[in-house]
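Student: Hi! I have a new structure open and could use a guide. Can we chat through it together?
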Amino acid sequence: MRPAPRNTTSLLVDNIGELVTNDGRGGDPLGVRRDAAVLIEDGQVAWVGPARYAPAADRRIDAGGAAVLPGFVDSHAHLVFAGDRAAEFAARMAGEPYTGGGIRTTVGATRAASDDDLRATVSRLRAEMLRQGTTTVEIKSGYGLSVADEARSLRIAAEFSEDTTFLGAHVVPAEYADRPDDYVGLVCGPMLAAAAPHARWIDVFCERGAFDVDHARAILACGQAVGLGVRVHANQLGPGPGVRLAVELGAASVDHCTHLSDADVDALASHRIDCMCPDGEHTTTVATLLPGAEFSTRSPYPDARRLLDAGVTVALATDCNPGSSYTSSMPFCVALAVREMRMTPAEAVWAATAGGAAALRRTDVGRLTPGARADLMILDAPTHLHLAYRPGVPLIRQVLHNGVPR
Ligand code: NIG
Ligand code: FE
(Lines give C-alpha, C1' and ligand atoms only; values in the text may rest on other atoms or scores of the structure.)
(Ligands and ions follow the chains in the order given, each with its own letter.)
Protein backbone atom coordinates (compact mmCIF):
# COMPACT_ATOMS: atom_id res chain seq x y z
CA MET A 1 0.00 0.00 0.00
CA ARG A 2 1.22 3.50 -0.82
CA PRO A 3 2.22 5.28 2.42
CA ALA A 4 0.72 8.69 3.22
CA PRO A 5 2.90 11.67 2.23
CA ARG A 6 5.03 12.98 5.12
CA ASN A 7 6.03 16.33 6.32
CA THR A 8 9.84 16.12 6.30
CA THR A 9 12.55 16.15 3.64
CA SER A 10 12.55 12.76 2.03
CA LEU A 11 14.83 10.88 -0.34
CA LEU A 12 13.80 7.96 -2.50
CA VAL A 13 16.37 5.45 -3.77
CA ASP A 14 14.65 3.54 -6.54
CA ASN A 15 15.28 1.44 -9.63
CA ILE A 16 17.14 -0.99 -7.35
CA GLY A 17 17.78 -4.27 -9.16
CA GLU A 18 18.59 -6.23 -6.00
CA LEU A 19 17.99 -4.87 -2.52
CA VAL A 20 19.65 -6.67 0.41
CA THR A 21 17.56 -5.87 3.49
CA ASN A 22 18.81 -8.47 6.02
CA ASP A 23 15.25 -8.44 7.32
CA GLY A 24 15.50 -12.06 8.46
CA ARG A 25 12.13 -12.94 6.99
CA GLY A 26 11.07 -15.70 4.63
CA GLY A 27 14.00 -18.04 5.14
CA ASP A 28 16.40 -15.87 3.12
CA PRO A 29 18.90 -14.35 5.57
CA LEU A 30 19.74 -11.54 3.14
CA GLY A 31 16.06 -10.68 2.70
CA VAL A 32 16.63 -9.92 -0.99
CA ARG A 33 13.97 -7.93 -2.83
CA ARG A 34 13.94 -7.25 -6.57
CA ASP A 35 12.78 -4.04 -8.28
CA ALA A 36 12.63 -2.32 -4.93
CA ALA A 37 12.78 1.19 -3.57
CA VAL A 38 13.80 2.65 -0.22
CA LEU A 39 12.34 5.84 1.25
CA ILE A 40 14.59 7.76 3.65
CA GLU A 41 13.40 10.40 6.12
CA ASP A 42 15.37 12.04 8.91
CA GLY A 43 18.37 9.80 8.31
CA GLN A 44 16.34 6.64 8.76
CA VAL A 45 14.72 4.09 6.51
CA ALA A 46 11.05 5.06 6.46
CA TRP A 47 9.70 2.56 3.94
CA VAL A 48 10.90 -0.37 1.81
CA GLY A 49 8.82 -1.90 -0.93
CA PRO A 50 8.24 -2.58 -4.61
CA ALA A 51 9.35 0.35 -6.76
CA ARG A 52 5.93 0.56 -8.38
CA TYR A 53 4.38 1.48 -5.02
CA ALA A 54 7.09 3.96 -4.08
CA PRO A 55 5.81 7.20 -2.59
CA ALA A 56 6.74 10.59 -3.98
CA ALA A 57 9.77 12.14 -2.30
CA ASP A 58 11.57 15.49 -2.31
CA ARG A 59 14.68 14.00 -3.90
CA ARG A 60 15.47 10.85 -5.80
CA ILE A 61 18.53 8.67 -6.46
CA ASP A 62 18.17 6.32 -9.44
CA ALA A 63 20.18 3.18 -8.65
CA GLY A 64 20.10 2.23 -12.34
CA GLY A 65 19.17 -1.39 -11.72
CA ALA A 66 22.20 -1.96 -9.47
CA ALA A 67 22.44 -3.81 -6.16
CA VAL A 68 21.88 -1.86 -2.94
CA LEU A 69 23.15 -3.23 0.37
CA PRO A 70 23.28 -2.05 3.98
CA GLY A 71 26.56 -0.30 4.73
CA PHE A 72 29.24 -2.60 6.06
CA VAL A 73 29.58 -2.85 9.84
CA ASP A 74 33.28 -3.27 10.60
CA SER A 75 33.14 -4.46 14.20
CA HIS A 76 36.89 -4.76 14.83
CA ALA A 77 39.49 -2.10 13.99
CA HIS A 78 42.52 -0.57 15.67
CA LEU A 79 42.69 2.87 14.07
CA VAL A 80 44.44 4.95 16.75
CA PHE A 81 48.13 4.48 16.08
CA ALA A 82 51.17 6.14 14.54
CA GLY A 83 53.71 4.83 12.07
CA ASP A 84 53.53 1.66 10.01
CA ARG A 85 55.24 -1.74 10.01
CA ALA A 86 55.70 -2.35 6.31
CA ALA A 87 59.20 -3.75 6.92
CA GLU A 88 57.75 -6.28 9.37
CA PHE A 89 55.23 -7.31 6.70
CA ALA A 90 58.02 -7.74 4.14
CA ALA A 91 59.97 -9.90 6.61
CA ARG A 92 56.90 -12.08 7.12
CA MET A 93 56.45 -12.53 3.41
CA ALA A 94 60.08 -13.70 3.40
CA GLY A 95 59.28 -16.32 6.03
CA GLU A 96 59.30 -14.65 9.47
CA PRO A 97 56.36 -15.68 11.69
CA TYR A 98 53.91 -13.18 13.20
CA THR A 99 54.18 -13.13 17.00
CA GLY A 100 52.55 -9.86 18.03
CA GLY A 101 55.96 -8.64 19.16
CA GLY A 102 55.70 -5.63 16.84
CA ILE A 103 52.83 -4.22 18.91
CA ARG A 104 55.41 -2.58 21.17
CA THR A 105 56.95 -0.82 18.13
CA THR A 106 53.60 0.80 17.42
CA VAL A 107 53.15 1.66 21.11
CA GLY A 108 56.40 3.63 20.99
CA ALA A 109 55.35 5.52 17.86
CA THR A 110 51.86 6.19 19.21
CA ARG A 111 53.08 7.58 22.52
CA ALA A 112 55.42 9.93 20.62
CA ALA A 113 52.68 11.22 18.29
CA SER A 114 50.63 14.36 18.86
CA ASP A 115 46.85 14.26 19.27
CA ASP A 116 46.51 15.88 15.86
CA ASP A 117 48.69 13.23 14.21
CA LEU A 118 46.61 10.44 15.75
CA ARG A 119 43.37 12.20 14.81
CA ALA A 120 44.59 12.62 11.21
CA THR A 121 45.32 8.89 10.93
CA VAL A 122 41.90 7.90 12.25
CA SER A 123 40.27 10.42 9.94
CA ARG A 124 42.16 9.14 6.89
CA LEU A 125 41.33 5.51 7.61
CA ARG A 126 37.68 6.33 8.43
CA ALA A 127 37.39 8.13 5.08
CA GLU A 128 39.04 5.19 3.29
CA MET A 129 36.50 2.87 4.93
CA LEU A 130 33.52 5.03 4.02
CA ARG A 131 34.58 5.05 0.36
CA GLN A 132 34.57 1.24 0.52
CA GLY A 133 31.08 1.04 1.98
CA THR A 134 31.76 0.91 5.72
CA THR A 135 29.26 3.07 7.57
CA THR A 136 29.83 1.74 11.11
CA VAL A 137 33.24 1.00 12.59
CA GLU A 138 34.32 -0.05 16.05
CA ILE A 139 37.59 1.57 17.13
CA LYS A 140 39.92 0.18 19.79
CA SER A 141 42.65 1.77 21.84
CA GLY A 142 45.57 -0.49 22.68
CA TYR A 143 48.66 1.27 21.36
CA GLY A 144 48.93 3.71 24.29
CA LEU A 145 49.23 1.30 27.22
CA SER A 146 49.68 4.10 29.77
CA VAL A 147 46.86 5.83 31.64
CA ALA A 148 47.21 9.06 29.66
CA ASP A 149 47.81 7.43 26.27
CA GLU A 150 44.90 5.00 26.55
CA ALA A 151 42.56 7.80 27.67
CA ARG A 152 43.56 10.08 24.78
CA SER A 153 43.34 7.22 22.27
CA LEU A 154 39.75 6.63 23.33
CA ARG A 155 38.90 10.33 23.39
CA ILE A 156 40.06 10.57 19.78
CA ALA A 157 38.31 7.31 18.81
CA ALA A 158 35.06 8.66 20.27
CA GLU A 159 35.21 11.58 17.82
CA PHE A 160 34.71 9.03 15.05
CA SER A 161 32.66 6.17 16.49
CA GLU A 162 29.99 5.33 19.03
CA ASP A 163 31.62 1.91 19.41
CA THR A 164 34.89 2.55 21.19
CA THR A 165 36.79 -0.23 22.92
CA PHE A 166 39.30 -0.03 25.75
CA LEU A 167 42.16 -2.42 24.91
CA GLY A 168 44.65 -1.46 27.62
CA ALA A 169 45.29 -5.21 27.88
CA HIS A 170 46.70 -5.53 24.37
CA VAL A 171 50.17 -6.58 25.54
CA VAL A 172 52.20 -5.84 28.67
CA PRO A 173 54.27 -2.76 27.80
CA ALA A 174 58.07 -2.95 28.05
CA GLU A 175 58.27 -1.00 31.31
CA TYR A 176 56.12 -3.65 33.03
CA ALA A 177 57.71 -6.66 31.30
CA ASP A 178 58.95 -8.25 34.52
CA ARG A 179 55.86 -7.39 36.62
CA PRO A 180 52.74 -8.27 34.65
CA ASP A 181 50.61 -8.45 37.83
CA ASP A 182 51.33 -4.78 38.44
CA TYR A 183 50.29 -3.95 34.89
CA VAL A 184 47.00 -5.81 35.36
CA GLY A 185 46.48 -3.74 38.52
CA LEU A 186 47.11 -0.55 36.53
CA VAL A 187 44.67 -1.61 33.79
CA CYS A 188 41.92 -2.49 36.31
CA GLY A 189 42.52 0.63 38.39
CA PRO A 190 43.59 4.06 37.13
CA MET A 191 43.66 3.14 33.44
CA LEU A 192 40.10 1.79 33.42
CA ALA A 193 38.92 4.82 35.41
CA ALA A 194 40.44 7.18 32.82
CA ALA A 195 39.29 5.11 29.82
CA ALA A 196 35.76 4.10 30.79
CA PRO A 197 34.10 7.50 30.23
CA HIS A 198 35.12 7.28 26.56
CA ALA A 199 34.48 3.58 25.95
CA ARG A 200 31.51 1.33 25.30
CA TRP A 201 33.49 -1.92 25.35
CA ILE A 202 36.47 -3.60 26.99
CA ASP A 203 38.70 -6.07 25.16
CA VAL A 204 41.69 -8.25 26.13
CA PHE A 205 44.23 -10.05 23.92
CA CYS A 206 43.99 -13.47 25.62
CA GLU A 207 46.88 -15.34 24.07
CA ARG A 208 50.25 -16.83 24.97
CA GLY A 209 52.66 -13.87 25.08
CA ALA A 210 49.87 -11.41 25.90
CA PHE A 211 47.42 -12.10 28.79
CA ASP A 212 46.67 -15.49 30.31
CA VAL A 213 43.12 -16.55 31.08
CA ASP A 214 43.23 -15.49 34.75
CA HIS A 215 44.50 -12.02 33.98
CA ALA A 216 42.04 -11.73 31.10
CA ARG A 217 39.08 -12.78 33.27
CA ALA A 218 40.08 -10.31 36.01
CA ILE A 219 40.42 -7.40 33.57
CA LEU A 220 37.18 -8.13 31.74
CA ALA A 221 35.30 -8.48 35.04
CA CYS A 222 36.56 -5.03 36.12
CA GLY A 223 35.30 -3.59 32.85
CA GLN A 224 31.92 -5.26 33.26
CA ALA A 225 31.67 -3.89 36.79
CA VAL A 226 31.81 -0.33 35.44
CA GLY A 227 29.28 -1.08 32.70
CA LEU A 228 31.46 -1.90 29.70
CA GLY A 229 30.47 -4.68 27.32
CA VAL A 230 32.96 -7.48 26.73
CA ARG A 231 34.85 -8.50 23.59
CA VAL A 232 37.91 -10.75 23.45
CA HIS A 233 40.84 -11.31 21.06
CA ALA A 234 41.32 -15.07 21.27
CA ASN A 235 42.74 -18.18 19.63
CA GLN A 236 44.61 -16.20 16.99
CA LEU A 237 48.13 -17.58 17.32
CA GLY A 238 47.26 -20.97 18.78
CA PRO A 239 44.65 -22.93 20.69
CA GLY A 240 43.73 -21.63 24.13
CA PRO A 241 41.00 -20.84 26.62
CA GLY A 242 40.03 -17.40 25.25
CA VAL A 243 36.97 -18.45 23.28
CA ARG A 244 35.47 -20.31 26.24
CA LEU A 245 36.25 -17.37 28.53
CA ALA A 246 34.38 -15.06 26.16
CA VAL A 247 31.32 -17.31 26.19
CA GLU A 248 31.53 -17.68 29.99
CA LEU A 249 31.45 -13.89 30.40
CA GLY A 250 28.66 -13.37 27.87
CA ALA A 251 30.93 -11.41 25.53
CA ALA A 252 29.26 -9.80 22.53
CA SER A 253 32.04 -11.12 20.34
CA VAL A 254 35.16 -13.24 20.35
CA ASP A 255 37.50 -12.27 17.59
CA HIS A 256 40.03 -14.14 15.41
CA CYS A 257 38.95 -17.74 16.29
CA THR A 258 41.66 -19.14 14.06
CA HIS A 259 42.55 -22.17 16.20
CA LEU A 260 39.38 -23.78 17.57
CA SER A 261 38.83 -27.03 19.43
CA ASP A 262 35.54 -28.92 19.35
CA ALA A 263 34.87 -27.61 22.87
CA ASP A 264 35.28 -24.03 21.62
CA VAL A 265 32.82 -24.57 18.78
CA ASP A 266 30.38 -26.31 21.13
CA ALA A 267 30.60 -23.44 23.62
CA LEU A 268 29.84 -20.89 20.90
CA ALA A 269 27.07 -23.00 19.40
CA SER A 270 25.33 -23.74 22.68
CA HIS A 271 24.91 -20.03 23.33
CA ARG A 272 23.55 -19.22 19.90
CA ILE A 273 20.22 -17.64 19.08
CA ASP A 274 18.42 -19.22 16.19
CA CYS A 275 17.56 -16.08 14.31
CA MET A 276 18.28 -12.42 14.46
CA CYS A 277 14.81 -11.13 15.17
CA PRO A 278 14.17 -7.74 13.57
CA ASP A 279 13.85 -5.89 16.85
CA GLY A 280 15.33 -8.48 19.19
CA GLU A 281 18.37 -8.25 21.41
CA HIS A 282 21.49 -10.13 20.37
CA THR A 283 22.46 -12.30 23.31
CA THR A 284 24.82 -14.70 21.62
CA THR A 285 28.61 -14.50 21.54
CA VAL A 286 29.42 -13.82 17.90
CA ALA A 287 32.55 -15.33 16.34
CA THR A 288 34.17 -12.45 14.46
CA LEU A 289 36.56 -13.68 11.79
CA LEU A 290 39.33 -11.41 10.51
CA PRO A 291 40.69 -12.88 7.27
CA GLY A 292 42.82 -9.80 6.59
CA ALA A 293 44.98 -10.92 9.52
CA GLU A 294 45.51 -14.41 8.10
CA PHE A 295 46.27 -12.89 4.70
CA SER A 296 48.82 -10.49 6.13
CA THR A 297 50.45 -12.94 8.54
CA ARG A 298 50.36 -15.82 6.06
CA SER A 299 48.52 -17.98 8.58
CA PRO A 300 45.86 -20.63 8.02
CA TYR A 301 42.38 -19.13 7.74
CA PRO A 302 39.73 -19.85 10.39
CA ASP A 303 37.25 -22.60 9.59
CA ALA A 304 34.14 -20.52 8.99
CA ARG A 305 32.27 -23.49 7.54
CA ARG A 306 32.63 -25.43 10.77
CA LEU A 307 31.27 -22.52 12.79
CA LEU A 308 28.36 -21.86 10.44
CA ASP A 309 27.43 -25.52 10.24
CA ALA A 310 27.35 -25.64 14.04
CA GLY A 311 24.94 -22.67 14.04
CA VAL A 312 27.36 -20.07 15.39
CA THR A 313 26.70 -16.44 14.43
CA VAL A 314 29.68 -15.28 12.35
CA ALA A 315 30.79 -11.72 11.65
CA LEU A 316 33.54 -10.50 9.34
CA ALA A 317 35.70 -7.47 10.12
CA THR A 318 38.96 -5.95 8.90
CA ASP A 319 41.04 -5.85 12.12
CA CYS A 320 42.57 -2.77 10.46
CA ASN A 321 45.89 -2.15 12.25
CA PRO A 322 49.49 -1.48 11.17
CA GLY A 323 50.81 -4.89 12.23
CA SER A 324 48.67 -7.90 11.41
CA SER A 325 46.12 -6.51 8.93
CA TYR A 326 46.62 -3.12 7.35
CA THR A 327 43.49 -3.18 5.23
CA SER A 328 40.42 -0.97 5.62
CA SER A 329 38.48 -2.90 3.00
CA MET A 330 35.41 -4.94 3.90
CA PRO A 331 34.95 -5.99 0.23
CA PHE A 332 38.44 -7.54 0.42
CA CYS A 333 37.43 -9.44 3.59
CA VAL A 334 34.23 -10.66 1.93
CA ALA A 335 36.22 -11.94 -1.06
CA LEU A 336 38.76 -13.70 1.21
CA ALA A 337 35.98 -15.26 3.28
CA VAL A 338 34.34 -16.70 0.19
CA ARG A 339 37.51 -17.92 -1.49
CA GLU A 340 39.52 -19.05 1.53
CA MET A 341 36.99 -19.77 4.28
CA ARG A 342 34.27 -21.59 2.36
CA MET A 343 31.59 -19.05 3.10
CA THR A 344 28.96 -18.52 0.43
CA PRO A 345 28.77 -14.98 -0.95
CA ALA A 346 25.43 -14.54 0.85
CA GLU A 347 26.90 -15.73 4.18
CA ALA A 348 29.87 -13.40 3.77
CA VAL A 349 27.73 -10.37 2.93
CA TRP A 350 25.45 -11.11 5.89
CA ALA A 351 28.46 -11.52 8.19
CA ALA A 352 29.95 -8.20 7.02
CA THR A 353 26.70 -6.30 7.62
CA ALA A 354 24.16 -7.90 9.98
CA GLY A 355 26.86 -10.07 11.56
CA GLY A 356 28.92 -7.01 12.46
CA ALA A 357 25.82 -5.39 13.92
CA ALA A 358 25.20 -8.50 16.05
CA ALA A 359 28.82 -8.40 17.22
CA LEU A 360 28.22 -4.82 18.37
CA ARG A 361 24.77 -5.70 19.74
CA ARG A 362 23.19 -3.08 17.55
CA THR A 363 19.82 -3.33 15.88
CA ASP A 364 19.91 0.06 14.14
CA VAL A 365 22.59 -0.81 11.58
CA GLY A 366 23.42 -3.70 9.26
CA ARG A 367 19.91 -3.89 7.82
CA LEU A 368 17.63 -1.86 5.59
CA THR A 369 14.29 -2.10 7.36
CA PRO A 370 11.98 0.67 8.58
CA GLY A 371 13.51 2.43 11.57
CA ALA A 372 17.09 1.43 10.75
CA ARG A 373 19.74 4.05 10.11
CA ALA A 374 19.78 4.93 6.41
CA ASP A 375 23.30 3.57 5.84
CA LEU A 376 23.56 1.96 2.45
CA MET A 377 25.77 1.43 -0.56
CA ILE A 378 24.92 1.31 -4.23
CA LEU A 379 27.19 -1.09 -6.10
CA ASP A 380 28.52 -0.84 -9.60
CA ALA A 381 27.14 -4.35 -10.01
CA PRO A 382 23.77 -6.05 -10.37
CA THR A 383 24.03 -8.35 -7.32
CA HIS A 384 25.92 -8.82 -4.05
CA LEU A 385 27.69 -11.82 -5.64
CA HIS A 386 29.98 -9.44 -7.48
CA LEU A 387 31.72 -8.40 -4.24
CA ALA A 388 33.47 -11.78 -4.17
CA TYR A 389 33.25 -12.51 -7.89
CA ARG A 390 35.17 -9.33 -8.80
CA PRO A 391 37.80 -9.08 -6.06
CA GLY A 392 39.96 -6.00 -5.95
CA VAL A 393 37.58 -3.99 -8.15
CA PRO A 394 36.18 -0.74 -6.71
CA LEU A 395 32.50 -1.70 -6.86
CA ILE A 396 31.09 0.80 -4.35
CA ARG A 397 29.48 3.46 -6.55
CA GLN A 398 27.81 5.55 -3.84
CA VAL A 399 27.47 5.45 -0.07
CA LEU A 400 24.71 7.03 2.02
CA HIS A 401 25.48 7.51 5.71
CA ASN A 402 22.57 8.58 7.94
CA GLY A 403 20.69 9.16 4.71
CA VAL A 404 23.29 11.63 3.42
CA PRO A 405 25.19 10.87 0.19
CA ARG A 406 28.98 10.80 0.86
O1 NIG B 1 44.07 -8.10 16.33
N2 NIG B 1 46.32 -9.68 17.98
C3 NIG B 1 46.35 -8.66 18.59
N4 NIG B 1 46.20 -7.44 18.11
C5 NIG B 1 46.12 -7.09 16.73
C6 NIG B 1 47.44 -6.95 16.08
C7 NIG B 1 48.19 -5.81 16.57
C8 NIG B 1 49.53 -5.56 15.93
O9 NIG B 1 50.24 -6.46 15.46
O10 NIG B 1 49.89 -4.37 15.95
C11 NIG B 1 45.23 -8.06 15.99
O12 NIG B 1 45.64 -8.77 15.09
FE1 FE C 1 42.55 -6.94 16.57
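Student: Which residues of α4 and α5 meet each other?
Tutor: This is a predicted model, so keep that in mind throughout. In it, Val147, Glu150, Ala151 and Leu154 of α4 meet Pro190, Met191, Ala194 and Ala195 of α5.

Student: How many nonpolar, polar and charged residues does the contact of α4 with α5 have?
Tutor: By class, there are seven nonpolar residues, no polar ones and one charged in the contact of α4 with α5.

Student: And at what angle do α4 and α5 pack?
Tutor: The angle is about 25 degrees, and the axes of α4 and α5 are 8 Å apart. An angle under 35 degrees counts as roughly parallel, so α4 is roughly parallel to α5. As for handedness, α4 passes α5 in a right-handed crossing.

Student: Why give both an angle and a distance?
Tutor: Two packed helices are described by the angle between their axes together with the distance between those axes.

Student: OK, what about α5 and α6? Where are they in the chain, and what is their angle?
Tutor: Helix α5 covers residues 180–195 and helix α6 covers residues 213–225. They pack at about 10 degrees, with axes 10 Å apart. That makes α5 roughly parallel to α6.

Student: Which residues make that contact?
Tutor: From α5 there are Pro180, Val184, Val187, Cys188 and Leu192. From α6 come His215, Ala218, Ile219, Cys222 and Gly223. Sorted by class, the contact of α5 with α6 has eight nonpolar residues, two polar and no charged ones.

Student: Now α3 and α4. At what angle do their axes cross?
Tutor: The axes of α3 (residues 115–131) and α4 (residues 147–158) cross at roughly 45 degrees and come within 10 Å. That angle makes α3 oblique to α4. The crossing of α3 past α4 is right-handed.

Student: Who makes the contact there?
Tutor: On the α3 side, Asp115, Leu118, Arg119 and Val122 take part. On the α4 side, the residues are Arg152, Ile156 and Ala157. The contact of α3 with α4 divides into four nonpolar residues, no polar ones and three charged.

Student: Let's follow the chain out of α4. Where does Glu159 lie?
Tutor: Glu159 lies in the loop between α4 and β9, and β9 is residues 164–169. With 13 C-beta neighbours inside 10 Å, Glu159 counts as partly exposed.

Student: How far is Glu159 from Ser123?
Tutor: Their C-alpha atoms are separated by 9.4 Å, while Glu159 and Ser123 are 36 residues apart along the chain.

Student: Changing topic: where is Asn22, and is it buried or exposed?
Tutor: Asn22 is in the loop between β1 (10–19) and β2. It counts as buried, because it has 25 C-beta neighbours inside 10 Å, and 20 or more is the cut-off for that class.

Student: What is Asn22 in contact with?
Tutor: Leaving aside neighbours within four places in sequence, Asn22 is in contact with Leu30, Gly31, Pro70, Trp350, Thr353, Ala354, Gly366 and Arg367. Take Ala354: the C-alpha atoms of Asn22 and Ala354 are separated by 6.7 Å, yet these residues are 332 apart along the chain.

Student: What percentage of contacts in the chain join residues at least 24 apart?
Tutor: Among contacts between residues at least 6 apart in sequence, 73% join residues at least 24 apart.

Student: Back to loops. What is the phi of Asp42?
Tutor: Asp42 has a positive phi of about 50 degrees, although it is not a glycine. It is found in the loop between β2 (33–41) and β3 (44–50). Asp42 counts as exposed, because it has 12 C-beta neighbours inside 10 Å.

Student: And what is the phi of Arg342?
Tutor: Arg342, also not a glycine, has a positive phi of about 60 degrees. Its place is the loop between α11 (330–340) and α12 (345–352). Arg342 counts as partly exposed, with 15 C-beta neighbours inside 10 Å.

Student: Let me zoom out. How many helices and strands are there in the chain?
Tutor: The chain has 14 helices and 17 strands. Of its 406 residues, 55% count as buried.

Student: What does the chain span along its principal axes, and what is its radius of gyration?
Tutor: The C-alpha trace spans about 70 × 45 × 45 Å along its principal axes. The radius of gyration is 21 Å, which agrees with the value near 22 Å that a compact globule of 406 residues would have.

Methods
Residues are numbered from 1 along each chain as its sequence is written. Chains are lettered from A and ligands numbered from 1 in the order in which they are written. This is a predicted model: local features need pLDDT of at least 70, side-chain atom pairs count only at pLDDT 80 or more; totals for chains, interfaces and linings use all residues. Helices (H or I, at least four residues) and strands (E, at least two) are DSSP runs, numbered from the N terminus. The radius of gyration is taken over C-alpha atoms; the globule rule is 2.2 Å times the number of residues to the power 0.38. Two residues are in contact if their C-beta atoms, placed from the backbone, lie within 7 Å. Axes are lines fitted to C-alpha atoms, for helices over the stretch in contact, and angles run from 0 to 180 degrees between N-to-C directions. Angles under 35 degrees count as roughly parallel, over 145 as roughly antiparallel, 65 to 115 as roughly perpendicular and the rest as oblique. A crossing is left-handed if the near helix is turned anticlockwise from the far one by less than a right angle, and right-handed if clockwise. Ala, Val, Leu, Ile, Met, Phe, Trp, Tyr, Cys and Pro count as nonpolar, Asp, Glu, Lys and Arg as charged, and the others, Gly among them, as polar.
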